[in-house]
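Okay, thanks for coming, everyone. I'd like to walk you through one model today, so let me put it up on the screen.

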Amino acid sequence: MKQIISLLSLFVICFSASAQQFVIGGTKDDRTQAMQPGMTEYYYPKVPVVTPGDIKTNSAPSDAIVLFDGKDLSAWIGEDGTEAQWNVNGDGTMTVNTEKPGIKTKESFGDCQLHIEWYVPVGLPGSGQGKGNSGVFLQGRYEVQVLDSYNNETYSNGQAGSIYKQSAPLVNPIRPEGEWNVYDIIYKAPTFKADGTYRTKPQITVLFNGVLVQDNTIIVGTTEYIGLPQVAPHGDAPVSLQNHGNPISFRNIWLRKL
Ligand code: MG
């Protein structure tokens, strides 16, 4: 029900934005340029806070592709195609190098189950979207937001566990800074019609620290900071991790093709 309300809210926002900003006869680019970031952000309903249980680190099952085992970034390249230059820390973790591009897997994927753990360091300054921001992009296009959402106000559909600017998490089971968070993501890739529109939309389920936060959520298009989600045909594509200027750490990343 909440998912429906969230989607309805987005459509209401989009429709309002359309009515106010869109110029009849304008191109899609004109419409995007006319929009502002706030037009796709909603604050209500608020997301309830849940304290997660004490789950153990979930190491890779035997049929998984290990994307990061703590040793090196051999499965990754930079978003710009150069060598991945994030920091491997020697303790089984890696950290966003805020001076270098985001990273993406060398291999491309479609339907998958993805496990990834992430960590906000203690004392990281900032607030709202500026505190502990990174992101996990399925097929390089659809973002599951990573954010320090522990006592940190921001728009509901932009907090940790959201499908960024589309679907707020059902609840907020985040752990405080200095503790590891876990995403387990089940993702169904879209299929496309000959005209380039979705035949089946991307669909995603997300467990956040073992708690369901996205329940077969239908993704309506690409993640856009400004403007509406876009739809353009694509095939299998890498998983990418965002450099949003914050030193977020990751560990124990594995993926099972579905
Ligand atoms: Mg992000």
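Let's start with a pairing: Met 94 stands opposite Phe 250 in S15. Before I go on, a word on the ground rules: this is a predicted model, so local features need pLDDT of at least 70 and side-chain atom pairs count only at pLDDT 80 or more, while totals for chains, interfaces and linings use all residues. Residues are numbered from 1 along each chain as its sequence is written, and side-chain values use heavy atoms, with hydrogens and water left out.

Back to the strands. Helices (H or I, at least four residues) and strands (E, at least two) are DSSP runs, numbered from the N terminus, and two strands pair if DSSP finds at least two bridges between them.

Now the metal. Which protein atoms hold the magnesium ion? The donors are Asn 133 (OD1), Ser 134 (O), Glu 143 (OE), Gln 145 (OE1) and Gln 242 (OE1), at 2.2 to 2.3 Å. Donors here means N, O and S atoms within 2.8 Å of the metal (3.2 Å for Na, K and Ca), and water is not among the atoms, so sites may look incomplete. Along the chain the spacing reads N-S-x8-E-x1-Q-x96-Q. Ser 134 sits in strand S7, residues 134-138, and Gln 145 in strand S8, residues 142-146, 11 residues apart. Ser 134 is buried at 0% relative accessible area, and Gln 145 is buried too, at 1%. The cut-offs, with a 1.4 Å probe and protein chains only: buried is under 20%, exposed is over 50%, and partly exposed is in between.

On to rings. There are 9 aromatic pairs, meaning Phe, Tyr and Trp rings (the six-membered one for Trp) with centres within 6.5 Å; planes under 30 degrees apart are stacked, over 60 edge-to-face, and the rest tilted. One of them is Tyr 142 with Tyr 187: centres 6.4 Å apart, planes at 35°, so tilted. Tyr 142 is in S8 and Tyr 187 in strand S9, residues 180-188, so the pair ties together parts 45 residues apart in sequence. Tyr 142 is buried at 2%, and Tyr 187 at 0%.

There's also a cluster of Tyr 43, Tyr 155 and Tyr 164. Tyr 43 is in the loop between helix H2 (28-34) and S1, and is partly exposed at 39%.

Last stop, Gln 214 in strand S13, residues 211-218. Is it buried or exposed? Buried, at 1%. Its side chain reaches the backbone oxygen of Gly 161 at 2.9 Å, and makes a 2.9 Å polar contact with the side chain of Ser 167. Polar contact means N or O atoms within 3.5 Å; within protein, one must be able to donate a hydrogen and the other to accept it, and residues adjacent in sequence count only if both atoms are side-chain atoms.
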